[in-house]
Amino acid sequence: MGECPSIPPTLRFNTTYTDTTSTPSSLRRSRLEKISLEGDDVINVHGFGNGGEDLALLEVRGVTMDFGGLVALREVSFAIEQGEIVGLIGANGAGKSTLFNIITGVQKPTAGMVGLTPHEIVRLGISRTFQLVRPFLNYTVEENVRVGALFGHARHSEVYRRIDHVLKLTELDAKRNLLVRTLPIEQRKMVEVARALASAPRLLLLDEPMAGLNSVEIERFIELIRKVSEEGATVLVVEHVMKAIMSVSRRVIVLHAGLKLAEGTPETIMANKDVVAVYLGEDYAKS
Ligand SMILES: Nc1ncnc2c1ncn2[C@@H]1O[C@H](COP(=O)(O)OP(=O)(O)OP(=O)(O)O)[C@@H](O)[C@H]1O
Ligand SMILES: [Mg+2]
C-alpha cells in the first residue's frame, strides 16, 4: 500500500557537515555528518567511527506526513544507533512504507523538509528495498546487482569484488546469468535485496522482505540479516512475520495509525498491552 513508484523530484536541501574536513566524496570516512534540512525536521547521519557508540546513526524527529487530509505519520521521532537491527511493525496503513520513503528522500514530509535526492542518499550510505518488488526484469541477476555496486563504489575492482560477495551472501551466485524475469517472485525479491546490499550501505532499509517466504526461506533470510549486520550495516526492517522480526531485532518500533505507539526490546513489545490490543492480538501474546 502507498508505494511511490515514480522517480521522485529533486528536492531542495542544504547540507551542513560538522566535520569540516568532509567533502561529499569522503563521507564514508567522516565520523560525524550532520544533515540539516530545511524546516524543523532533521535527519542526523553519523558515520562509522570510533568512540561514537552512543551516537545515533539515524535520527528522525517529529516527522508528519499529511496526504491532503489523510495523516499517514504524526510527529514520529526515533533514533537508530549504529550496528542495531531494528524492527518496524504496525498494521496495514500504519505508515511504515511512508516512513521509509521519507527517510530515503523519496517523499517529502509535510512538516519541514526532509529529503535528499536518491543519489545523495546512496552516497551517504542509505539503501532500501521496496515493498512492491521491482528489479529490472530484462536484465540478468548480476546486471541488477551491478547497478547497486556502481552507486556504492568508486573503484572498478571493488565493484566486481562486491558483486561476487553479495551474490554469495544472497545465494544467487548460481543464478547470476539468468534474466530476472525467469525467476520466481521470492528470488526476484532477493535480487532486490542483493542490489540494495551491493552499494555496501551503512543503513539498510528492508520493506517486508519476508512476505510470501516459506519457513525455511524465512530462517535463511534472518541469517542473511544477521550476517549483513555483522559486516557493519545497521538494519531497519519492516515486517509482518512476527516470529522473524521478534527473533532478529534488537529493538522494535510500533506504528499505529501514523503514531509511534511503542518502542522497546522484542520482549517489552510482546508484553505491551496496547500493542497486543491493536496489532499483535491476544493469540500472539499467549503463544
Ligand atoms: N501517496 C499517497 N497518497 C495518499 N495516501 C497515501 C499515499 N501513500 C500512502 N498513503 C496512505 O498513507 C497511509 C499509510 O500508508 P503506508 O503505505 O505507509 O502504510 P504501511 O504501514 O506501509 O502499510 P502496509 O503494511 O499495508 O504496507 C495509508 O492510509 C495509505 O493509504
Ligand atoms: Mg508498506
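Is E75 buried, exposed or partly exposed, and how many other C-beta atoms lie within 10 Å of it? In this predicted model, E75 is partly exposed, because 14 other C-beta atoms are found within 10 Å, a count that falls between the limit of 12 or fewer for an exposed residue and that of 20 or more for a buried one. E75 belongs to strand β4, which covers residues 70-81, and its backbone has a positive phi, near 45 degrees, in a residue other than glycine. A positive phi in a residue that is not a glycine is also found at E208, where the value is about 55 degrees. E208, however, is placed in a loop, the one between β7 (203-207) and α6 (215-230), and E208 likewise counts as partly exposed, because it has 19 C-beta neighbours inside 10 Å.

Averaged over the chain, the pLDDT is 78, and 73% of the residues score at least 70. Over residues 1-54, by contrast, pLDDT stays under 50, although the model has 106 contacts beyond four places in sequence for this stretch. Where pLDDT is low, predicted coordinates should not be read in detail.

As to the overall architecture, the secondary structure of the chain comes to 10 helices and 10 strands. The chain has 287 residues, of which 41% count as buried. Among contacts in the chain with a separation of 6 or more, 62% are accounted for by residues 24 or more positions apart.

Helix α1, made up of residues 96-103, is mostly covered, with eight of its eight residues buried. The buried residues of α1 are K96, S97, T98, L99, F100, N101, I102 and I103. After α1 comes G105, whose phi is positive, near 80 degrees.

Two further helices, α4 (residues 156-169) and α5 (residues 185-198), pack against each other at an angle of about 140 degrees, and their axes are 9 Å apart. That angle makes α4 oblique to α5, because only angles over 145 degrees count as roughly antiparallel. The crossing in which α4 passes α5 is right-handed. On the side of α4 the contact involves R162, I163, V166, L167 and L169, which meet A194, L197 and A198 in α5. By class, this contact has seven nonpolar residues, no polar residues and one charged residue.

E142 is found in helix α3, which spans residues 141-152, and it is buried, because 21 other C-beta atoms lie within 10 Å. Beyond its neighbours within four places in sequence, E142 is in contact with I163, L167, R176 and N177; I163 and L167 are also among the residues of α4 that meet α5. Between E142 and D164, which are 22 residues apart along the chain, the C-alpha atoms are separated by 8.8 Å.

V86, in strand β5 (residues 85-89), counts as buried because it has 21 C-beta neighbours inside 10 Å. Apart from neighbours within four places in sequence, the contacts of V86 are I80, L236, S249, R250, R251 and I253. From V86 to T265 the distance in sequence is 179 residues, whereas the distance in space is 9.3 Å, C-alpha to C-alpha.

S127 provides a further example, in strand β6 (residues 126-128).

I269 counts as buried, because 25 C-beta neighbours are inside 10 Å. When neighbours within four places in sequence are left aside, I269 is in contact with V252, V254, A262, G264 and V275. The C-alpha atoms of I269 and M246 are separated by 9.0 Å, and the two residues are 23 residues apart along the chain.

Conventions:
Residues numbered from 1 in each chain as written. Chains lettered and ligands numbered in written order. Predicted model: local features only at pLDDT ≥ 70, side-chain atom pairs only at ≥ 80, totals over all residues. pLDDT = per-residue confidence, 0-100. Contact = placed C-beta atoms within 7 Å. Helix = DSSP H or I, 4+ residues; strand = E, 2+ residues; numbered from the N terminus. Axes fitted to C-alpha atoms, helices over the stretch in contact; angles between N-to-C directions. Parallel < 35°, antiparallel > 145°, perpendicular 65-115°, else oblique. Left-handed = near helix turned anticlockwise from the far one by under 90°. Nonpolar A, V, L, I, M, F, W, Y, C, P; charged D, E, K, R; others polar.
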